[in-house]
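This briefing is meant to be read with the coordinates open alongside. It takes up the arrangement of a sheet and then the pairing of aromatic rings.

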Amino acid sequence: MIHHDRLLAGAGAVSTRAQVTERVAWTLGAPDRALDRFATLYGVALRLATVSLGGVAAFMSLAPPASAGWLFPVIGALGIWCLIFLSIAVRHGLTHRLVIADSLIVCGIVLLQKHLVAPADIPNSSAWLMPIATATVLLAQLRLHPGIGVPLGVLVTAAYVTGQMRAVPLHPAMLISAGILLIQTALSAATVQLLRRAGRAAELECEAQAAEDQKAGLAAAQRAEEREHFRHLHDTALATLTMVGSGSVQSGSPILQARAASDASALRILSGERPRASGLQRLDTRLRTVVDAEAAGLEVTATLPCVSIRGDALEAIAGCVGEALRNVARHAGVDTATVDVSVNEDGRVLVDIRDRGRGFDPNTVDLHSRGVRESIVGRMADAGGDAEIRSAPSEGTHIVLRWGDDERRR
């Protein structure tokens, strides 16, 4: 019986690990928030730069009828507004109210061009107020919805042209100023909307990929659960039935009774909630238990130094050793075997299981046979290790299990 509630719980962890590490951990609205953070930094820099440089240009180009009596208060007010703008933006970001207030303040200032700009500079858009107006329409589109940002851009444009017309007679070059501001409004609004839509599309794509990863993780967890289910069946009831069928154990034998009781207990656990080993556990202690349980009729020489490894790897190695010893009892035609545990220079745990029996050709093993393919090789692969089978007819069998990670302790 395969428990799907445990599969779902396990799949959550599997899918989390399986997700590509390079993938950005998207959350709802992440692209929009990223663009808003950029808008805040860009807006503060743009506003401070245009006001400071514009103020210098204003005084350098001052000529009648523009007067210092008007210019000093206006530049001072713009400086104070920049400080307020900076303070609010740093604490709360580039809020809608802040952008709207900025646009209205600039509209008021550009209406005063006859007092702030030399008449010769007004028609050809070379006045110092033009960069400030340009920054205003860009900020409005960068932060506001087009339904609000575009009308604000049009309002700033109308105020700018109105200020020009109040200062000097209508000139065709003034239409260039209006055209520039309107084009900037339209292009910046379109660009920002394209960026937002692209960001949202990428977010949806990432969410879809995450769902696919989770689905794949669930399928992988289910397949792993099924493989483990079949391995336990193979290692218990099927192994005992094979021994009885081959005549290795006689009916009524105490060994058979003990194995049957052990198999029944294992099958009850298999049909219920199987505890999962976790943390570091003693490999030598676990393998002594396996040797005592699985080496019926065999004389096993075991070299088991004190080694502690991760719980899931320990159970995988124990299962492989048990299967190897059962194979010796069933097929090798000898009554001796050795089990040696060691740790190599790289810190990997090595487990050698050897017998000097009749051996076999690994290349001729039936693909449908689970003894070697699943209960040994597949089990070690699922635990993050590997298994090597070395055997030949009349030359015995040598099985090498390898496993190691940073959590292993000696």
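The points below concern a predicted model and are grouped by topic.

**The sheet and its helix**

- Five strands form an open sheet in the order S2-S4-S5-S7-S6, and their pairing is mixed.
- Strand S2 (299-303) and strand S6 (386-391) are the edge strands, each of them pairing on one side only, and the twist from one strand to the next averages 10°.
- Within this sheet, strand S4 (residues 336-343) and strand S5 (residues 349-355) run antiparallel and are joined by six bridges, with Val343 standing opposite Val349 in S5.
- Helix H11 (residues 311-332) packs on the sheet, where it touches S2, S4, S5 and strand S7 (397-403), and the direction of the helix makes about 10° with that of S5.

**Aromatic pairs**

- The count of aromatic pairs comes to three, and one of them is the stacked pair of Phe38 and Tyr42, with 5.6 Å centre to centre and 15° between the planes.
- Both Phe38 and Tyr42 lie in helix H2 (residues 30-60), four residues apart, which is about one turn of the helix; Phe38 counts as partly exposed at 46% relative accessibility, and Tyr42 is partly exposed with a relative accessible area of 33%.
- Trp81 and Phe85 form an edge-to-face pair, because their ring centres are 6.1 Å apart and their planes stand at 70°.
- Trp81 and Phe85 both lie in helix H3 (residues 68-92), again four residues apart, about one turn of the helix; Trp81 counts as buried at 10% relative accessibility, and Phe85 is buried with a relative accessible area of 1%.

Notes
Residues are numbered from 1 along each chain as its sequence is written. This is a predicted model: local features need pLDDT of at least 70, side-chain atom pairs count only at pLDDT 80 or more; totals for chains, interfaces and linings use all residues. Side-chain values use heavy atoms; hydrogens and water are left out. Two strands pair if DSSP finds at least two bridges between them. Helices (H or I, at least four residues) and strands (E, at least two) are DSSP runs, numbered from the N terminus. Axes are lines fitted to C-alpha atoms, for helices over the stretch in contact, and angles run from 0 to 180 degrees between N-to-C directions. Contact means heavy atoms within 4.5 Å. Rings of Phe, Tyr and Trp (its six-membered ring) pair if their centres lie within 6.5 Å; planes under 30 degrees apart count as stacked, over 60 as edge-to-face and the rest as tilted. Buried means under 20% relative accessible area, exposed over 50%, partly exposed in between (1.4 Å probe, protein chains only).
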